[in-house]
Amino acid sequence: MPVTYPRDLQYTRDHEWARIEDDVIRVGITSYAVEQLGDVTLVDMPAPGEDVQAHERFGDIESVKTVSELFAPVSGEVVEVNADLESSPELVNEGPYKEGWLITIRPSDQGELEGLMDAAKYEEYLGTLDG
Amino acid sequence: MPVQYAGIKKEHEAVRKRAGLFDVSHMGEIIVEGPQAVAAVDRLVTNDVSKLDVGRALYTTCCNEAGYILDDLIVYRLEEEKVLVVCNASNRDKIVGHFAKNLGLGVPWNDVSDAWALLALQGPNAVAIMRDLGAPQDLLELPYFHVTRANLAGVELWLARTGYTGEDGYELFCASDDAVTLWKALLAAGETHGLEPVGLGARDTLRLEARLALYGNDISEETHPFEAGLGWVVKLNAHDFIGRDALRTIKAAGLKRKLVGFEMTGRGIARHGYPIVADGNRVGEVTSGSPGPTVGRNIGLGYVPLALAKVGTKLGIEIRGKVVDAVVVSTPFYKR
């Protein structure tokens with residue numbers, strides 16, 4: 001059964017989503033990534049004020065079984081990190097597009113947003129992956 | 001066997017609080033028969049099989065001439081002249097080859113790994129599930145590390161009170177052709193007892209909390225039983241076995257390092273292969289590590305020099321370039 005992804009988000013090939021909210025980009029991981037990870041047990045993220053680079057690692061997410069790197073969809077400065085994940089990492093499983101968001105970024109180059117996929121393109125991309 | 005069905009944490013909790021069903025048919029099984037069966041197996045393993053009564057099982061290591069671990073096994077004495085040896089799937093070819101070479105001429109043996117299936121029913125509700133499956137009282141009361149012939153759900157099987165989770169439970173050996181029938185019957189009998197199918201992921205977290213060694217992680221051909229904390233399965237003064245002389249020498253020389261349990265006191269999860277550090281020096285390596293769903297802490301096992309093996313010793317675990325605090329704790333992490 002095909003899962004449909006929220007239409008108001010942009011997606012990366014590394015399975016992060018980005019939502020444009022006024023002057024910041026809110027970032028999380030997609031339900032596909034959540035399903036691959038299983039139970040999330042720890043999220044390691046940068047501090048507010050740190051700079052992140054598009055397509056570069058900005059943190060790690062750990063499930064019971066594995067560790068995965070988190071990649072920034074755009075370059076910029078981290079504005080907020082989701083402090084609730086420190087004590088409740090399972091929020092990522094429970095609501096990857098809502099209370100399980102990771103960080104917000106103030107983008108340094110709006111043009112980078114053009115490189116992201118919309119929901120239809122992301123679904124098409126998922127179709128090309130194994131399993 | 002999949003990594004998970006409903007999710008590792010949920011499956012782990014099912015086994016601790018209710019019951020879980022594992023398809024561990026990938027395990028290797030070797031049958032050794034004849035009047036020499038017991039003596040022949042005894043020569044290949046470190047524990048004393050010669051004293052094993054019919055219907056009993058024991059845990060043992062199987063070492064090479066140098067005293068290092070080829071595999072860890074459970075040996076079941078099924079009949080007077082019939083012994084079942086269960087080995088790890090990843091070691092099947094190695095152990096079958098080792099047995100073929102060393103059992104001795106005229107000792108009939110058979111690798112039945114493909115013909116046999118193995119299901120494990122584990123958890124506090126295991127007995128109630130077996131009762132609902134129609135098991136008579138004597139099977140329900142089968143003592144720990146005992147094995148007996150049984151017929152359940154119309155399937156002929158060997159029923160053992162063994163497992164790899166730290167919980168009470170059974171392991172059921174049957175013909176591969178009967179495995180689906182048995183699996184379905186167990187799931188049906190377990191429906192009202194909260195039974196859930198469990199995958200490899202939770203199998204690993206369950207065994208780690210119970211400090212049961214995983215071959216390839218905690219023990220290997222690079223480790224000997226004494227430093228792995230498995231000296232209790234080495235019977236140097238019973239009959240001769242492959243590796244005995246070397247193990248005597250190793251024991252006389254004293255341990256240099258030891259497998260210890262630790263828990264993370266800093267924020268981080270240790271994983272297999274991460275360096276263990278003390279005072280800025282690399283002193284060892286994590287052999288197993290993960291969150292412990294029941295103990296509620298991030299736990300692990302690793303080899304450290306004897307001087308750092310005492311409970312309460314502070315260690316560092318290097319996690320992606322960052323040293324995170326950990327402390328040596330007593331094991332098992334979880335005991336029912």
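**Exercise 1. In this predicted model, find which elements cover the buried residues of helix α6 of chain B.**

Solution. The cover of the buried residues of α6(B) includes the strands β1 (19-23), β7 (116-122), β9 (155-160), β10 (169-175) and β11 (195-197) of chain B, together with helix α4 (126-132) of chain B.

Next, list the residues that are covered. Leu182(B), Trp183(B), Leu186(B), Ala189(B) and Gly190(B) are buried in α6(B). A residue counts as buried if 20 or more other C-beta atoms lie within 10 Å of its own. An α-helix has 3.6 residues a turn, so residues three or four places apart point the same way.

Then look at the other side of α6(B), where Val180(B) and Lys184(B) are exposed.

Last, check the length. Helix α6(B) runs over residues 179-190, which is 12 residues. From its first C-alpha to its last it reaches 16 Å, close to the 16 Å expected at 1.5 Å a residue.

**Exercise 2. Sort the residues of helix α8 of chain B into buried and exposed ones.**

Solution. Helix α8(B) covers residues 244-253, and its buried residues are Arg244(B), Leu247(B) and Ile250(B). Their arc around the axis is only 120°, which puts them on the same side of α8(B). On the other side of α8(B), the exposed residues are Thr249(B), Ala252(B) and Ala253(B).

The cover of the buried residues includes strand β3 (57-63) of chain B. After α8(B) comes Gly254(B), with a positive phi near 90°.

**Exercise 3. Locate the largest nonpolar core.**

Solution. Start with the residues that have the most contacts inside this core of 95 residues: Val41(B), Val75(B), Val83(B), Val85(B) and Ile317(B). Strand β4 (residues 69-79) of chain B gives the most to the core, seven residues. Domain 1 (8-206) and domain 2 (256-336) of chain B both contribute residues, so the core lies between them.

Now take one residue. Leaving aside residues up to four places away in sequence, Val41(B) touches Val32(B), Val49(B), Val75(B), Val83(B) and Val85(B).

A second, separate core has 29 residues, among them Tyr11(A), Val34(A), Leu70(A) and Leu116(A).

**Exercise 4. Describe the contact between chain A and chain B.**

Solution. Nine residues of chain A and 12 residues of chain B take part. On the side of chain A that touches chain B, β4 (40-44) and β6 (57-63) of chain A each supply at least two residues. By class, this side of chain A has three nonpolar, two polar and four charged residues.

Note on methods
Residues numbered from 1 in each chain as written. Chains lettered and ligands numbered in written order. Predicted model: local features only at pLDDT ≥ 70, side-chain atom pairs only at ≥ 80, totals over all residues. Core = buried A, V, L, I, M, F, W, Y, C linked by C-beta atoms within 7 Å. Buried ≥ 20, exposed ≤ 12 C-beta atoms within 10 Å, placed from the backbone. Helix = DSSP H or I, 4+ residues; strand = E, 2+ residues; numbered from the N terminus. Domains from an automatic or database assignment. Contact = placed C-beta atoms within 7 Å. Expected span 1.5 Å × (residues − 1). Nonpolar A, V, L, I, M, F, W, Y, C, P; charged D, E, K, R; others polar. Arc of directions from axis to C-beta.
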